[in-house]
Amino acid sequence: MKRNIILNCAAAGALLLATASISSAATVVDQVNDSNSFVGFNTTLNWQQEVVAGVSGILDTIELNFGIGGGSIDVFVNLGSGWQTDADDFSTSVSGLSGYSSIDVSSADISLSKGDTFIIGVRNGAGGDLRGSSGDTYAPGGLFLNGSAYTDYDLNFRTTVAAVPLPAALPLMVFGLGSIVALRRKKQA
């Protein structure tokens, strides 16, 4: 009887763990630099904003603050510190954006751990500007222009991450599996 209860607990824990991992993770705002000290950055240049992840999960969206003249522009994301010249982990071309505009990057499945560094880049713009700030308002990361640090400036951006929650069933499953091992050892002794 006692053994059946423990086996049922282990099975229930495993089922709950599987169900919890299938369900979608909660999307949370992670990093933000939306300072009001607006500076315009020419989109015909190659800009890369270094960002440090504050939570673990899958990068879901980035938002950039587009100013006047929203022509087409290439937006990309790469894992690692700024300045990046390797193949993009995510890239897309957007046009006609103004104000804070959201770009879905979830299809790239970019997995981040808290403290990981990645860059949000823009290049090949057809005019217009991106909004940013002066005074190093985003201290964890820096802004790069054509390969060089653009000291004391940052792009205005927001990132969201699909945070991966620890399933509530994990402790139950560990207890059940531990109990099974204990029962087997007791039975063998």
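Predicted model: local features only at pLDDT ≥ 70, side-chain atom pairs only at ≥ 80, totals over all residues.
## Basis

Local features need pLDDT of at least 70 and side-chain atom pairs count only at pLDDT 80 or more, while totals for chains, interfaces and linings use all residues. Residues are numbered from 1 along each chain as its sequence is written, and side-chain values use heavy atoms, with hydrogens and water left out.

## The sheet

Six strands form an open sheet in the order E6-E5-E9-E3-E11-E12, with antiparallel pairing. Strands (E, at least two residues) are DSSP runs, numbered from the N terminus. Two strands pair if DSSP finds at least two bridges between them.

E6 and strand E12 (148-149) stand at the edges. Each has a single partner strand, so one side of each lacks a neighbour in the sheet. E5 and E9 run antiparallel and are joined by six bridges. Leu 79 has Phe 118 in E9 as its bridge partner.

## The core

The largest nonpolar core has 28 residues. Such a core is a set of buried Ala, Val, Leu, Ile, Met, Phe, Trp, Tyr and Cys residues joined through side-chain atoms within 4.5 Å. Buried means under 20% relative accessible area, exposed over 50%, and partly exposed in between (1.4 Å probe, protein chains only). Leu 59, Ile 62, Leu 64, Val 75, Val 77 and Phe 118 touch the most other members. Strands that each supply at least two residues include E3 (47-52), E5 (73-79) and E9 (117-123). E4 gives the most, with four residues.

## A buried loop residue

Ala 53 lies in the loop between E3 and E4. Ala 53 is buried, at a relative accessible area of 3%. Asp 116 is 63 residues away in sequence, yet the two C-alpha atoms are 5.4 Å apart. Beyond neighbours within four places in sequence, the contacts of Ala 53 (heavy atoms within 4.5 Å) include Asp 30, Leu 112 and Phe 118.

## Aromatic contacts

The structure holds six aromatic pairs. Rings of Phe, Tyr and Trp (its six-membered ring) pair if their centres lie within 6.5 Å; planes under 30 degrees apart count as stacked, over 60 as edge-to-face and the rest as tilted. Phe 41 and Tyr 150 pair edge-to-face, 6.2 Å centre to centre, with 75 degrees between the planes. They are 109 residues apart. Phe 41 is buried at 2% relative accessibility, whereas Tyr 150 is partly exposed at 31%. Phe 41, Trp 47, Tyr 150 and Tyr 153 form one aromatic cluster.
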